[in-house]
Amino acid sequence: MRKIYFICFLFMLNSLFAQKKDKLTPIAIYEKAWSEHNSDARLKILKTIWLDDSTFEDPSASVKGIVALNNVINEFYKKFPDALLTSGSKVVKDNYVSWDWKILDSKNKLIMGGRDFARLNGKGQISKIIGFWNPEVTLSEAEILEHLESDNFKIVAQYYESVFKTRDLTTMAHLIEEGAIYSQAEGLPYGGTYRGFNEWTKMYAKSAEFFDLEIEKEPVYFSDATKNEVIIYFTIKCKAKKSGKTLSVPVSEHFDLKNGKITAIRPFYFDTKQFAEFLKSRK
């Protein structure tokens, strides 16, 4: 008998989960529509969950129908073309769903946040949505650090691509803070401290007098966003111009960043002395 009760309980539980999933499906489609920047593509998405008499209300608009809602979203993207929607967990009760949301720009700056309430019609469509804006909403410290880390990785990746792949000095110049410091080990023939982009380019040119290189292993990225630091670890294969000898050199580069710019770089070679001797050796 207990086994029968347990099976019935599992059946009821599965039914409840299935019902909740069914109710969340139109909400997921609604959020997908908000994430779609193309008006025609968005209209097709909205038609699957929005009715001619469905209504949308928030502090900026009160509209009815599919076309009207699509126009509201179009106007939003005209004002915030790079907006990105994120949303929290959903609360489901009967035919109602509510959830918190935030909208960020391409630089992860918070545009607005709030809470939406949706009424479903029980047939996989939305009858009404009421949106409330929360002027006091903020990003959590964890979210801020996550976005900062992501931005820092992108900046360092662009720098790495510009130096070792494309040799694009124009892109590189935009990534480097004025007066940024590059510290090369004193034991190297191009060692020393270089300040600002112009001196950095002189250092690159001087190092190119001693060796040619290719990337043997692409970098692995590490970060401490609380300190605005990024470390990359990779391997270069060098050919010394004086001797013609080749050497694989593991390298880590430590980046300091501030306000989306690189302020300092400190490279570390696996064996700086060996590398210096390799560059200076003759046939």
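**Exercise 1. Classify the residues that line the second largest pocket, and locate them in the fold.**

*Solution.* Step 1: by class, the lining comprises 13 nonpolar, three polar and five charged residues. Here Ala, Val, Leu, Ile, Met, Phe, Trp, Tyr, Cys and Pro count as nonpolar, Asp, Glu, Lys and Arg as charged, and the others, Gly among them, as polar. The model is predicted: local features need pLDDT of at least 70 and side-chain atom pairs pLDDT 80 or more, while totals for chains, interfaces and linings use all residues. Residues are numbered from 1 along each chain as its sequence is written, and side-chain values use heavy atoms, with hydrogens and water left out.

Step 1: of the 21 lining residues, W34, D58, F76, M112 and W133 lie nearest the centre of this pocket. Two or more residues each come from α1 (2-35), β1 (50-58), α3 (66-79), β3 (84-93), β4 (96-104), β5 (110-120) and β6 (126-133). Helices (H or I, at least four residues) and strands (E, at least two) are DSSP runs, numbered from the N terminus. The largest share, four residues, belongs to α3.

Step 2: the volume of the second largest pocket is about 390 Å³. On a 1 Å grid over the protein atoms alone, a pocket is an open set of points with protein on both sides within 12 Å along at least five of seven lines, whereas a cavity is a set where a 1.4 Å probe fits but cannot get out; lining residues have an atom within 4 Å of a point. Grid points are joined across faces, edges and corners, and a volume is the space filled by probe spheres set on the points.

**Exercise 2. Which residues have the most contacts inside the largest nonpolar core, and what does F275 touch?**

*Solution.* Step 1: a nonpolar core is a set of buried Ala, Val, Leu, Ile, Met, Phe, Trp, Tyr and Cys residues joined through side-chain atoms within 4.5 Å. The largest has 37 residues, with Y159, Y190, W200, F255, I262 and F275 having the most contacts inside it.

Step 1: a second, separate core of 27 residues includes W50, F56, W101 and L120.

Step 2: leaving aside residues up to four places away in sequence, F275 touches L188, Y190, F211, C238, L247, V249 and Y269 (contact means heavy atoms within 4.5 Å).

Step 3: both F211 and F275 are buried.

**Exercise 3. Characterise the largest pocket.**

*Solution.* Step 1: this pocket has a volume of about 450 Å³. Its lining has 24 residues, of which V163, F164, Y204, S207 and L213 lie nearest the centre.

Step 1: α6 gives the most to this lining, with five residues. By class, the lining has 18 nonpolar, three polar and three charged residues.

Definitions and conventions
Buried < 20%, exposed > 50% of the residue type's maximum accessible area, 1.4 Å probe, protein only.
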